[in-house]
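Here is a brief report on a predicted model. Look over the chains before reading on.

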Amino acid sequence: MLTLENINAYYGDLQALWGISLQVQEGELVALVGPNGAGKTTTLRVITGLLKPASGTIHLHAESLTKDPPHKIVELGVSQVPEGGRIFTKMTVLENLELGAYGAQARRERQQTLKEVFTFFPRLEERQKQVAGTLSGGERQMLAIARALMSKPKLLLLDEPSFGLAPILVQFMFEMIRQINQRGITILLVEQNVRAALELADRAYVIENGRIVGQGTHQELLAFDSIRSAYLG
Amino acid sequence: MLLQLLPQSIVFGILVGALYGLAAVGLSLVFGVTKFLNVAHGELLMLGGYATFWLFQLLKFDPFLSLPLSILFLLVIGVVLYQLVFVRMVKLPEEAKVKNTMLVGFGLSLILQNIALRLWTADDRGVTTAYSRIAYTVLDTRFPLIRVVSLVISLVALLALHQFLKRTYAGKAIRATVEDWEAASLMGIDVHRIYLLSFLIGAALAGVAGSLVSVGYSIAPGMGLEWTLKSLIVMVLGGLGSFVGTFVGGIVLGLTESLAGLAISGSYREVVGLALFILVLIFRPQGLFGAKER
């Protein structure tokens with residue numbers, strides 16, 4: 001479904017990604033794991049068009065995303081939950097969700113989508129009139145995911161959804177991600193919480209210093225000595 | 001003597017302050033969304049004033065009824081300036097955007113001033129209608145009809161903007177872009193279109209303010225810089241992010257100037273405004289009504 005081929009990307013003169021290639025099949029839950037500053041977030045930024053690669057191609061099915069601006073990529077069915085959620089804190093919960101359904105197609109169906117999202121996140125329905133900045137950390141992250149679902153994505157990109165959450169909420173969050181995936185939404189998950197991510201995902205890529213250094217299932221990756229010691233302790 | 005003039009000074013201060021507020025809301029909206037510091041904002045106001053002046057002088061159009069035409073004129077100017085000049089700075093990083101738009105804005109203001117000099121000469125102009133001299137007197141205080149109507153129009157424009165930002169999808173997209181343009185683009189918002197839209201709203205508000213100035217006060221080709229400065233002062237007074245705060249900031253500046261004129265001397269009005277600006281920057285950099293940055 002999603003194919004990245006030989007992506008090189010820079011921040012100014014600094015090369016952040018070196019020949020990244022990865023694939024996500026329809027319906028899969030794929031994790032992208034690695035240490036801080038390895039290029040996980042940059043990879044997501046390249047997929048959603050926030051950062052244009054210097055070379056390489058990005059395809060969603062047969063369609064090229066390489067030159068598309070972010071707003072067009074969203075309309076094609078790719079939605080990102082950025083690191084830290086980045087909800088609009090000065091706007092209400094409901095306004096945040098409405099903005100999630102900004103694209104023409106999603107906007108037409110937003111009442112129906114909103115109902116579905118509220119059954120999934122009843123807490124947000126209770127708080128829909130509240131200004132988003134007053135939500136707790138867990139609720140904010142829920143809102144960020146709910147907002148991304150409002151665009152009716154085919155592919156959902158999650159950047160560190162567990163970051164900053166209490167351990168009990170982390171479990172809850174991962175359970176929710178599993179359920180979203182079971183509803184037929186393909187997921188690419190970026191995580192520093194490697195153990196949890198590997199347990200959840202069908203497959204994973206390991207990224208280090210802007211390069212993919214390993215890939216496979218949970219078991220296959222455990223066979224990598226370096227990965228086991230580096231990430232699982 | 002001084003006390004007798006006090007109520008009158010307050011009334012005049014509020015009436016002119018509403019126009020400061022209107023001008024500043026436009027500048028503040030554009031800055032908040034695009035991070036363009038358009039120092040030619042005052043020249044847009046000047047053009048709005050001359051649009052009303054010409055419509056009145058050449059075609060005998062009532063200055064209030066011709067407001068939609070002045071707005072239309074400013075929208076056209078806005079599109080031209082944006083597509084010709086400002087669009088080139090859209091992709092710069094934030095700091096470079098502020099600096100570059102300031103430089104370009106100064107250039108534009110010189111060009112626009114000189115065009116205005118050619119077209120309308122350096123004389124002070126104004127629109128004098130049949131009802132321009134009507135004033136109501138309440139408790140020995142004069143309320144000139146046209147300035148009161150101008151205040152009402154300013155309030156209506158502000159309310160319309162408020163409703164637009166609160167109720168429409170485009171308005172919400174503007175607010176989202178102000179808060180986090182990257183997150184906004186991840187929602188599917190075409191941020192560049194939102195930039196253009198806000199620039200046009202800013203130009204239209206400047207146009208309305210200019211038209212009202214041409215009726216209640218007077219206009220001249222060189223008036224722009226003063227209005228840009230006042231708008232900047234008010235923007236800082238009111239604090240970024242709250243347009244109601246900005247508008248109230250305008251009234252605060254109008255009142256301060258007017259009372260300073262009464263207490264000290266009319267020639268010190270500007271100084272007092274700038275002193276207020278510096279005091280706010282030192283003691284309340286988030287603005288009088290802005291929330292503290294977290």
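## Basis of the model

This is a predicted model, in which local features need pLDDT of at least 70, side-chain atom pairs count only at pLDDT 80 or more, and totals for chains, interfaces and linings use all residues. Residues are numbered from 1 along each chain as its sequence is written, chains are lettered from A and ligands numbered from 1 in the order in which they are written, and side-chain values use heavy atoms, with hydrogens and water left out.

## Nonpolar patch on chain B

A nonpolar surface patch covers about 850 Å². Its members are Trp54(B), Leu58(B), Leu59(B), Phe61(B), Leu69(B), Leu72(B), Ile111(B), Ile115(B) and Leu119(B). Helices α2 (41-59), α3 (67-84) and α4 (94-120) of chain B each give two or more residues to the patch. Helices (H or I, at least four residues) are DSSP runs, numbered from the N terminus.

Patch residues have over 30% relative accessible area and no salt bridge; nonpolar side chains (Val, Leu, Ile, Met, Phe, Trp, Tyr) are joined within 5 Å, and like charges within 9 Å. Areas come from the Shrake-Rupley method with a 1.4 Å probe, and for residues only the protein chains shown count as cover. Leu59(B) lies in α2 of chain B. Leu59(B) is partly exposed, at 49% relative accessible area. Buried means under 20%, exposed over 50%, and partly exposed in between.

## Second largest pocket

The second largest pocket holds about 430 Å³ of space. Its lining has 24 residues, and Val16(B), Tyr20(B), Tyr217(B), Glu257(B) and Arg269(B) lie nearest the centre. A pocket is an open set of points on a 1 Å grid over the protein atoms alone, where a 1.4 Å probe fits, with protein on both sides within 12 Å along at least five of seven lines; lining residues have an atom within 4 Å of a point. The volume is the space filled by probe spheres set on the points, which are joined across faces, edges and corners.

Which helix gives the most to the lining? It is α1(B), with 6 residues. Helices α1 (2-34), α9 (224-238), α10 (243-263) and α11 (269-283) of chain B each supply at least two. By class, the lining has 11 nonpolar, 6 polar and 7 charged residues. Ala, Val, Leu, Ile, Met, Phe, Trp, Tyr, Cys and Pro count as nonpolar; Asp, Glu, Lys and Arg are charged; the others, Gly among them, are polar.

## Salt bridges

The structure holds 13 salt bridges over all chains. Each needs a side-chain nitrogen of Lys or Arg within 4 Å of a carboxyl oxygen of Asp or Glu. Glu257(B) pairs with Lys230(B) at 2.8 Å, N to O. Glu257(B) sits in α10 of chain B and Lys230(B) in α9 of chain B, 27 residues apart. Both residues are buried. Shared partners join Arg45(A), Arg86(A), Asp180(B) and Glu182(B) into one salt-bridge network.

In chain A, Asp68(A) meets Lys72(A) at 3.7 Å, N to O. Asp68(A) is buried at 12%, while Lys72(A) is partly exposed at 42%. Arg123(A) and Glu139(A) meet at 3.1 Å, N to O. Arg123(A) lies in α6 (residues 122-126) and Glu139(A) in α7 (residues 137-149) of chain A, so the pair ties together parts 16 residues apart in sequence.

## Two residue pairs

His162(B) lies in helix α5 (residues 145-167) of chain B. His162(B) and Val244(B) are 82 residues apart in sequence and 8.4 Å apart in space, C-alpha to C-alpha. Thr43(A) and Gln128(A) are 85 residues apart in sequence and 32 Å apart in space, C-alpha to C-alpha.

Methods:
Buried means under 20% relative accessible area, exposed over 50%, partly exposed in between (1.4 Å probe, protein chains only).
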